[in-house]
Amino acid sequence: VLTRACVVSLLGLGCGCGHPGAQTAASGPTTERVARPAAIDGPRALAEPPSAAVEAHVVLTGARLPGGQAVALELRDGVIAGLGDAAPEGVARIDLGGRTIVPGFIDSHVHLAYAFGPADVPEGQALLARRGVVAGVDLAAPVAAMASFDRRRWLTSGPMITAPRGYPTRSWGADGYGHETSGAVSVREAIDALAEAGAAVIKVPFGHGPELGDEELAALVEHAHARGLKVAAHALLDTDAARAAALGIDVLAHTPLEPLSDATARAFRGRAVVSTLMAFGGSRVAVDNLRRLHEAGAVVLYGTDLGNSPVLGIDGEELALLRRAGLTAQEVIDAGTTRAAAFWGLSELGALEPGRAASLLVLDEDPLEDPRTLARPFAVWVDGVRQAPASE
Ligand SMILES: [Zn+2]
C-alpha cells in the first residue's frame, strides 16, 4: 500500500522511503503489459516520440472501435474532427497498428488533495491523465485547494458539509476536508460559499457520528439543486442509504458495505452509485449490492476513491469487480466514459465523435474481451496532445 509520502515521491518530490515506484503502484497483478502487435507500418509509427507540430492536426489510422470496426480518427486543435472508415488526404498520419480506441476515462470518486497533497493537485491531474484518467470528480478537498483544480475536467465538492464534530473532521479529514455547520440557514450559506469557491457538486456524510438532521439535509438538497449542483452522499449502511435516497440525493459516493434491503436498492432507480469496490477490499456483500443497484436501475459509475485507494490510474481490479457485479463489458466501459460524462455534464468527453475533445485511450486488446486492458493503455491523448508514457 502506498503511503502519502510515497505518492509524493512518485511526483518526483522525494520521500526517501524506497517505494518501488509509480509503474509498480499503478499495476496490479493483472496489469502486466501484453506483447504489442509486431508490425506497425505507415508513415509514422505510434512508437515514435510525439511531435507537437504534427499532432495539432493528425489522423489516427489502423484504429478499431471496441468490437473490431476499423476506423480513422481525425484530431484537429484538440477536438475530434472526423471519424470514418477512410483517412482524409493531406493530413499527417499515425498508425495505431490495429489497436482499439476508447474515450478517455473518468473517475467519479477521487481525493486529489489528499492523495497528492493540497499544493500538488495539478501535478496529480497530469499524472492521472498520462495513465488514461482524463477527468474526474473530487469528493472532498480543503477550500484552499479548490482553486488549483482544472475545472474543465475535474469537478470538486470542496469540503463535505457536515455537523459539528461530524465525519470526517475527527478522523482523516481533520485538515479542512469537512465544513462543520448546523441549521438550515447555515447549510444554505455553506453551499453558496462553496459554489462561489468553485464547487460543482455537494458532498454530505451519513453515519460515523454526529450528522445533520432531516430538516438541514432537506434544505441542503433543495438549495444545491436550485444552484444546479448534484448532491453526493457517503452512506455505507442500509439505513443511511435509504435515508439519503428519501432526502433526494443524486449519487452514492460508494457502493454500501452492508447488505441493502430490496426497498433501498429500488430507491436508487434513476439515481447513481460510484463503485469504489476495491477501496473497501472488494467485499462479496458490496459486489452483490452493486449488482442489485444495477438491476434496480441505478446508474453505475466507475470510481476508485483515490487517496483511500492507492492506484494512480485506472484500476483493473475495480473493472473486474464491475463485471462480477453483473455489468456487461460494454457497461463497464460506459461506467468510466459515456455514463459518467452524461451524469456529470462533462459534455466534451464520453464519446469518440466529431466535436468532442480529442481525449482517448489506445489499447492493445479489445476491452469487450477483457475490460482490464483499460487499466494499461498503450497510449493516451488528452485534448489532442499525446501524453508522455505513464512510466516517465
Ligand atoms: Zn472518498
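**Entry 1**

I began with β6 and strand β7 (residues 133–138), which run parallel and are joined by four bridges. For my notes, helices (H or I, at least four residues) and strands (E, at least two) are DSSP runs, numbered from the N terminus. Two strands pair if DSSP finds at least two bridges between them. Phe105 stands opposite Val133 in β7.

Before going on, I noted the ground rules: this is a predicted model, where local features need pLDDT of at least 70, side-chain atom pairs count only at pLDDT 80 or more, and totals for chains, interfaces and linings use all residues. Residues are numbered from 1 along each chain as its sequence is written, and side-chain values use heavy atoms, with hydrogens and water left out.

**Entry 1: the zinc ion**

Which protein atoms are the donors of the zinc ion? I found His109 (NE2), His111 (NE2) and Asp305 (OD), at 2.0 to 2.1 Å from the zinc ion. Donors here are N, O and S atoms within 2.8 Å of the metal (3.2 Å for Na, K and Ca), and water is not among the atoms, so sites may look incomplete. Along the chain, the spacing of the donors reads H-x1-H-x193-D. His111 sits in the loop between β6 (105–110) and α4 (112–116), and Asp305 in the loop between β15 (299–301) and α12 (316–324), so this pair ties together parts that are 194 residues apart in sequence.

Are His111 and Asp305 buried or exposed? Both are buried, where buried means under 20% relative accessible area, exposed over 50%, and partly exposed in between (1.4 Å probe, protein chains only). Asp305 has a relative accessibility of 4%. I also checked the backbone of Asp305: phi is positive, about 65°, although Asp305 is not a glycine.

The next sheet is open, with five strands in the order β11-β12-β13-β14-β15 and parallel pairing. β11 (201–205) and β15 stand at its edges with a single partner strand each, so one side of each lacks a neighbour in the sheet. Strand β13 (residues 251–252) runs parallel to β14, joined by two bridges, and Val251 stands opposite Ala272 in β14.

I then moved to the loop between β14 (272–274) and α11 (284–295), where Ser275 lies. Ser275 is buried, at 0% relative accessible area. Leaving aside residues up to four places away in sequence, Ser275 touches several residues, among them His254, Tyr302, Gly303 and Glu318; contact means heavy atoms within 4.5 Å. Thr276 is in this loop between β14 and α11 as well. Phi of Thr276 is near 40°, positive in a residue other than glycine, and Thr276 is buried at 1% relative accessible area.

**Entry 2: β16 and its partners**

Strand β16 (residues 360–363) is covered on both faces: Leu360 and Val362 on one side, Leu361 and Leu363 on the other, are all buried. Strand β5 (residues 100–103) runs antiparallel to β16, with four bridges between them; Leu361 is the bridge partner of Val102. Strand β17 (residues 379–382) also pairs with β16 in the antiparallel sense, over three bridges, and Val362 stands opposite Ala379.

Helix α7 (residues 184–196) packs against helix α8 (residues 214–226) at an angle of about 30°, with the axes 9 Å apart. Residues making the contact include Val187 and Ile191 of α7 and Ala219 and Leu220 of α8.

Last, I looked up a peptide bond: the one from Tyr167 to Pro168 is cis, with omega near 0°. Pro168 is in the loop between β9 (160–162) and β10 (178–180).

**Entry 3: whole-chain tallies**

I counted 14 helices and 18 strands in the protein. Of its 392 residues, 56% count as buried.

How values were computed
Axes fitted to C-alpha atoms, helices over the stretch in contact; angles between N-to-C directions.
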